[in-house]
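User: I would like to learn how to read a few features of a protein model. Please take them one at a time.

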Amino acid sequence: MGACWSSRIKSVSPSNTGFTSRSVSRDGYDIHSNSRNSSASIPMTPRSEGEILQSSNLKSYSYNELKMATKNFCPDSVLGEGGFGSVFKGWIDEHSLAVTRAGTGMVVAVKKLNQESFQGHKEWLAEINYLGQLQHPNLVKLIGYCLEDQHRLLVYEYMPKGSVENHLFRRGSHFQQLSWTLRLKISLGAARGLAFLHSTETKVIYRDFKTSNILLDTNYNAKLSDFGLARDGPTGDKSHVSTRVMGTHGYAAPEYLATGHLTAKSDVYSFGVVLLEMLSGRRAIDKNRPSGEQCLVEWAKPYLSNKRRVFRVMDSRLEGQYSLTQAQRAATLAFQCLAVEPKYRPNMDEVVRALEQLRESNNDQVKNGDHKKRSRVSGSGLGHHNGLPASTSKGSIDAAKKFNYPRPSASLLY
Ligand SMILES: Nc1ncnc2c1ncn2[C@@H]1O[C@H](COP(=O)(O)OP(=O)(O)OP(=O)(O)O)[C@@H](O)[C@H]1O
Ligand SMILES: [Mg+2]
């Protein structure tokens, strides 16, 4: 416990945004003493900034080109805001990837680094370094970048349904509520993305797994974005890599917060937090709640391990959509991922298998029209989803304003 409210959590500090070319590891960070495993499929030798950019197979854009593609970074085309800066809708030609006039060609997402953003050049380069080399159906595609004077931008495939965070926690007709079937599909897709990163060929620790970094395509296929904090996993006989404690409040594993020792099991813990957010419709940290409920993991853990009380945790918007057994199995999986001791957490391959089985049993029930067997339990028993008053879900603007909560962003945690 204590992962949520560690007294050592400090505020954001600026990271190095020096633009000089230098030796960096595969993750774009200064190299440290760990030996490297030469069996990995990605070159393990430290690479200079120039080498990373040249070998990435990504398209290089000028600032003016991206300005044109986004209608001069028009506020109307903002898709979202994060710690890095704003993300704009833009347009390029599908075949040549050259920018086109706004409104013609293929839509892309253009992320523009704020000059004053603490997530700076290092994270921008790490993103290119990883996404320029790694390809998987559950990782978002990076198409290109811009490096010009002080400007740093990234061009991604456009994910029409936006982030999971928006669907789970934002209200309004724009964001469709996620059904139980969709939540299982998304959790499985995101788990496959993490399992791919952790695989022996790739060996990458993602370090910033959270709902805002899971993006959705038209069919709700989940893809991980934002590799700015990703690191190479330990190699040889090393059990961990040592890092500054970076991440997002509420998602970081307790041992990582305490020691800075990063392992793939730190990602598994963050996956457990996200799974819990999917089950409950509650944010990892929510200061608008009564004390005792503000940290989701601390509040939910006693219910997750108790088969008869597991429904206290479930999002009441899901009522009638899942069976008792399914809820219990999903809660048990979240509980295992959230084990305080990393060695008791499953690895991501095991998580993927558990979710595949869960999804199969759900699909069977849906196919058989077996809704009668599904539970008609009253969610948290409090008569409101998300833990918010029912009036909020009915669109009360005042209530929505009152409960509006600043979005969590990645920062230096320790
Ligand atoms: N490829 C994309 N397609 C569509 N929308 C996107 C895309 N990338 C980002 N967005 C939108 O922009 C928002 C901001 O993304 P961004 O990655 O900058 O910040 P974040 O993930 O919310 O926070 P952090 O800075 O901590 O990563 C996302 O939550 C999402 O709604
Ligand atoms: Mg993000």
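User: Where is the place of P346?

Analyst: This is a predicted model. P346 sits in the loop between α9 and α10.

User: Is P346 buried, partly exposed or exposed?

Analyst: A residue is buried if 20 or more other C-beta atoms lie within 10 Å of its own, and exposed if 12 or fewer do. P346 has 18 such atoms within 10 Å, so it is partly exposed.

User: What is P346 in contact with, beyond its neighbours within four places in sequence?

Analyst: The contacts of P346, with those neighbours left aside, are V268, Q336, C337 and V351. K265 is 81 residues from P346 in sequence, yet the two are 8.0 Å apart, C-alpha to C-alpha.

User: At what angle do helix α9 and helix α10 pack?

Analyst: Two packed helices are described by the angle between their axes and the distance between the axes. For α9 (residues 324–337) and α10 (residues 348–367) the angle is about 170° and the axes are 10 Å apart. Angles over 145 degrees count as roughly antiparallel, so α9 is roughly antiparallel to α10.

User: Which residues in α9 and α10 meet?

Analyst: From α9 come Q326, R329, A330, L333 and C337; from α10 come V351, A354, L358, S361 and N362. By class, the residues of this contact are 6 nonpolar, 3 polar and 1 charged.

User: Which residues come nearest to ligand 1?

Analyst: Of the 25 residues around ligand 1, these are G80, G82, G83, A109 and S212. β4 (78–81), β6 (106–113) and α4 (164–169) each give two or more residues to the shell, and β4 gives the most, with 3 residues. Domain 1 (35–160) and domain 2 (162–403) each supply at least three residues.

How values were computed: Residues numbered from 1 in each chain as written. Chains lettered and ligands numbered in written order. Predicted model: local features only at pLDDT ≥ 70, side-chain atom pairs only at ≥ 80, totals over all residues. Near = placed C-beta within 6 Å. Helix = DSSP H or I, 4+ residues; strand = E, 2+ residues; numbered from the N terminus. Domains from an automatic or database assignment. Axes fitted to C-alpha atoms, helices over the stretch in contact; angles between N-to-C directions. Parallel < 35°, antiparallel > 145°, perpendicular 65-115°, else oblique. Contact = placed C-beta atoms within 7 Å. Nonpolar A, V, L, I, M, F, W, Y, C, P; charged D, E, K, R; others polar.
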